Amino acid sequence: MMQQRREIAVSGEIARVVLAVLIWLFALAQGPIIRAFLPLDVTPNIVLVVVTLWAGYQGLREGFAWAFVAGLFLDLLLFAPFGAHALAMMAVVLALEPIRRWVFGDRHALVFPTVFVAALLHDAVYLVITAMAGRGGDLSSLLRLSVARGLLDALAAVILLPLLLWLGRWGTHGDLR
């Protein structure tokens, strides 16, 4: 029994390291690499999608920690007001908590509209924070871009969901040794 607990703890730590590497890679790729593959005015916020899915399946505590760390990293990479992405992602994780068990249970189809709404919430909070920092933009064009980004984020969730479900199972049940 003790050996099994130790294996689960080790696999959980490995899953977190893999998640950190994924967030780091996606954050670095968020700008130039994704724009090369998707030559659109709007690109998905893959880091937000990863944090949203992970928080949905792993809970508030895990989600808050990853939202904070990933958000600060994005702020540094994208030269955003320090803490803007972190606070916006933390708001998303907090908003997910009341519906988390219902949406992220066995109803995987509800995950995609939830990611869409999470993207809109993130952008709204981010816009308020950047406006308070004196870096606001045209609200109507930003709203259209937020809807487009939300749709791309939902599409990215379709692609990333199997990977994150597998990673979450690995981290909590020790499937891989």
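Mentor: What follows starts with the whole chain, moves to the salt bridges, and ends with a few other sites.

First, the ground rules. This is a predicted model, in which local features need pLDDT of at least 70, side-chain atom pairs count only at pLDDT 80 or more, and totals for chains, interfaces and linings use all residues. Residues are numbered from 1 along each chain as its sequence is written, and side-chain values use heavy atoms, with hydrogens and water left out.

Now the fold. The chain has eight helices and zero strands. Its elements run α-α-α-α-α-α-α-α from the N terminus. Helices here are DSSP runs of H or I with at least four residues, strands are E runs of at least two, and numbering starts at the N terminus. The chain has 177 residues, and 44% of them count as buried. Buried means under 20% relative accessible area, exposed means over 50%, and partly exposed lies in between (1.4 Å probe, protein chains only). The accessible surface is about 9700 Å², with 71% belonging to carbon and sulfur atoms. Such areas come from the Shrake-Rupley method with a 1.4 Å probe; for residues, only the protein chains shown count as cover. Take the contacts between residues at least 6 apart in sequence: 72% join residues at least 24 apart. A contact means heavy atoms within 4.5 Å.

Next, confidence. pLDDT is the predictor's confidence in each residue, from 0 to 100. The chain averages 83, and 81% of the residues score at least 70.

On to the salt bridges. Side chains of opposite charge can pair when their charged atoms come close. The criterion is a side-chain nitrogen of Lys or Arg within 4 Å of a carboxyl oxygen of Asp or Glu. The whole structure holds four of them.

Start with E62 and R16. Their closest N and O atoms are 2.7 Å apart. This pair links distant parts of the chain: E62 sits in helix α4 (residues 60–78) and R16 in helix α1, 46 residues apart. E62 counts as buried because its relative accessibility is 16%. R16 has 31%, so R16 counts as partly exposed.

Then R149 and D123. Here the closest N and O atoms are 3.8 Å apart. R149 lies in helix α8 (residues 139–173) and D123 in helix α7 (residues 111–132), so the bridge ties together parts that are 26 residues apart in sequence. R149 is partly exposed, at 24% relative accessible area. D123 has 10% relative accessibility and therefore counts as buried. Salt bridges with shared partners also join E13, R16 and E62 into one network.

E97 and R100 form another salt bridge, with the closest N and O atoms 3.3 Å apart. E97 is partly exposed at 29% relative accessibility. R100 is buried, with a relative accessible area of 11%.

Now the other sites. T52 is in helix α3 (residues 46–58). Its relative accessibility is 1%, so T52 counts as buried. A polar atom of the T52 side chain lies 2.7 Å from the backbone oxygen of L48. Setting aside neighbours within four places in sequence, T52 contacts V92, L96, F104, V115 and A118.

Back in helix α1 (residues 2–29) there is L25. L25 counts as partly exposed because its relative accessibility is 42%. V17, V21, W24, L25 and L28 form a nonpolar surface patch, with about 450 Å² of accessible area together. Patches take residues with over 30% relative accessible area and no salt bridge; like charges are joined within 9 Å, and nonpolar side chains (Val, Leu, Ile, Met, Phe, Trp, Tyr) within 5 Å.

Last, a backbone detail. F79 is in the loop between α4 and α5. Its phi is near 55°, a positive value in a residue other than glycine. F79 has 67% relative accessibility, so F79 counts as exposed.

Conventions: Polar contact = N/O pair within 3.5 Å; in protein donor to acceptor, adjacent residues only side chain to side chain.
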